[in-house]
Amino acid sequence: MYICICKAVTDKAIKQAIANGASSVRELKAQLGVGSQCGKCVCQATQILHNELVKQHQLIDQLAKPAA
């Protein structure tokens with residue numbers, strides 16, 4: 001789904017940028033152009049960023065636990 005219509009950025013592109021290390025809206029803006037035109041996409045991009053970072057931290061926590 002397109003998140004940023006102005007720059008034609010999809011949710012998949014945002015998730016890929018986060019998987020590659022982006023950890024802030026500023027970094028998403030620098031890499032993808034999200035929020036650099038009209039700004040209507042910033043709330044949705046921020047939500048995707050938050051959700052993906054939570055998933056990453058949960059995965060790290062699961063991997064860090066010793067095997068039972």
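Buried means under 20% relative accessible area, exposed means over 50%, and partly exposed lies in between. Glu-52 has a relative accessible area of 15%, so Glu-52 is buried. Keep that cut-off in mind while reading this report. The model is predicted.

Start with Glu-52, which sits in helix H3. Set aside the residues within four places in sequence. Glu-52 is then in contact with Lys-15 and Ile-18.

Glu-52 also has a charged partner. Side chains of opposite charge can pair when their charged atoms come close. Lys-55 forms a salt bridge with Glu-52, and their closest N and O atoms are 3.3 Å apart. A search of the whole structure finds one salt bridge. Both Lys-55 and Glu-52 lie in helix H3. They are three residues apart, about one turn of the helix. Lys-55 has 49% relative accessibility, so Lys-55 counts as partly exposed.

**How H1 meets H3**

Helix H1 covers residues 11–19. H1 and H3 pack at an angle of about 45 degrees, and their axes are 10 Å apart. That angle makes H1 oblique to H3. H1 passes H3 in a right-handed crossing. Which residues make the contact? On the H1 side they are Asp-11, Ile-14, Lys-15, Ile-18 and Ala-19. On the H3 side they are Ala-45, Ile-48, Leu-49, Glu-52, Leu-53 and Gln-56. Glu-52 therefore has a place in this contact as well as being buried.

**Leu-28 in helix H2**

Now move to Leu-28, which is found in helix H2. Is Leu-28 buried or exposed? Leu-28 has a relative accessible area of 0%, so Leu-28 is buried. Leaving aside neighbours within four places in sequence, Leu-28 is in contact with Ile-14, Ala-17, Ile-18, Ala-22, Gly-33, Val-34, Ala-45 and Leu-49. Ile-14 and Ile-18 are among the H1 residues that contact H3. Ala-45 and Leu-49 are among the H3 residues in that contact. Leu-28 and Ala-13 are 15 residues apart in sequence. Their C-alpha atoms are 9.7 Å apart in space.

**The cysteines**

Cys-41 lies in the loop between helix H2 (25–32) and helix H3 (42–64). Not counting residues up to four places away in sequence, Cys-41 touches Ile-3, Cys-4, Val-34 and Gly-35. Val-34 is also one of the contacts of Leu-28. The C-alpha atoms of Cys-41 and Val-9 are separated by 9.6 Å. These two residues are 32 residues apart along the chain.

A disulfide is a covalent bond between the sulfur atoms of two cysteines. Here, a pair of cysteine sulfur atoms must lie within 2.5 Å to count as a disulfide. By this rule the count comes to zero disulfides. Cys-6 is in no disulfide, and the nearest cysteine sulfur, that of Cys-38, is 3.7 Å away. Cys-43 is in no disulfide either, and the nearest cysteine sulfur, that of Cys-41, is 9.2 Å away.

| Cysteine | Relative accessibility | Class |
|---|---|---|
| Cys-41 | 5% | buried |
| Cys-6 | 44% | partly exposed |
| Cys-43 | 65% | exposed |

Cys-41 is buried because 5% is under 20%. Cys-43 is exposed because 65% is over 50%. Cys-6, at 44%, falls in between, so Cys-6 is partly exposed.

How values were computed: Residues are numbered from 1 along each chain as its sequence is written. This is a predicted model: local features need pLDDT of at least 70, side-chain atom pairs count only at pLDDT 80 or more; totals for chains, interfaces and linings use all residues. Side-chain values use heavy atoms; hydrogens and water are left out. Helices (H or I, at least four residues) and strands (E, at least two) are DSSP runs, numbered from the N terminus. Buried means under 20% relative accessible area, exposed over 50%, partly exposed in between (1.4 Å probe, protein chains only). Contact means heavy atoms within 4.5 Å. A salt bridge is a side-chain nitrogen of Lys or Arg within 4 Å of a carboxyl oxygen of Asp or Glu. Axes are lines fitted to C-alpha atoms, for helices over the stretch in contact, and angles run from 0 to 180 degrees between N-to-C directions. Angles under 35 degrees count as roughly parallel, over 145 as roughly antiparallel, 65 to 115 as roughly perpendicular and the rest as oblique. A crossing is left-handed if the near helix is turned anticlockwise from the far one by less than a right angle, and right-handed if clockwise.
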